[in-house]
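Good morning, and thank you for coming. Please look first at the sequence and the structure on the screen.

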Amino acid sequence: MDCLFCAIINGDIPSNKVYEDEYCYAFLDIAPQAPVHCLVVPKEHIASADEISENNSTLVARIFEAIPKIAKSLGLDGGYRIISNVGENGCQSVKHLHFHILGGKKLSETMA
Ligand code: AMP
């Protein structure tokens, strides 16, 4: 399968890793939209949040257990935003489930 984030997880494409465990991998976004912008992805390929089911939701839980550790390591003490874009209308450009962690400043009140 030709997937950019699978290639990053496998180390075939370089990334600025900020966290890794058995279930997930986190790295800095190549085009940051906030002073801190990191992506957290499951190591198993899941196309988007629309593909989450009872068969893989444990993996998503593991990601959300990792996120506070990642946020702390990035110094996001004042808070942050978690976003997952889904499909065409959600402007998802990479078809591997990922959660954006944005922070490092007071973010916009609008999201859409
Ligand atoms: P989305 O538009 O929600 O699918 O988000 C995809 C994100 O991946 C965008 O914020 C891109 O800037 C980011 N991205 C694309 N290629 C890379 C890469 N090689 N390394 C890090 N981030 C990337």
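I will speak about the nonpolar cores and then about the ligand.

This is a predicted model, in which local features need pLDDT of at least 70, side-chain atom pairs count only at pLDDT 80 or more, and totals for chains, interfaces and linings use all residues. Residues are numbered from 1 along each chain as its sequence is written, and side-chain values use heavy atoms, with hydrogens and water left out.

A nonpolar core here is a set of buried Ala, Val, Leu, Ile, Met, Phe, Trp, Tyr and Cys residues joined through side-chain atoms within 4.5 Å; buried means under 20% relative accessible area (1.4 Å probe, protein chains only). The largest such core has 18 residues, and Val40, Ile70 and Ile101 touch the most other members. At least two residues each come from β2 (24-28), β3 (36-42), α2 (57-73) and β5 (99-103), these being DSSP runs (helices H or I, at least four residues; strands E, at least two) numbered from the N terminus. With seven residues, α2 gives the largest share of this core. A second, separate core holds ten residues, among them Cys3, Cys6, Ile9 and Phe27.

Now to the ligand. Around the ligand are 16 residues, each with a heavy atom within 4 Å of it; Asp29, Asn85, Ser93, His98 and His100 come nearest.

Which polar contacts (pairs of N or O atoms within 3.5 Å) involve its oxygen atoms? From the backbone, a polar atom of Val94 is 3.0 Å from a ligand oxygen atom.

Notes:
Buried < 20%, exposed > 50% of the residue type's maximum accessible area, 1.4 Å probe, protein only. Polar contact = N/O pair within 3.5 Å; in protein donor to acceptor, adjacent residues only side chain to side chain.
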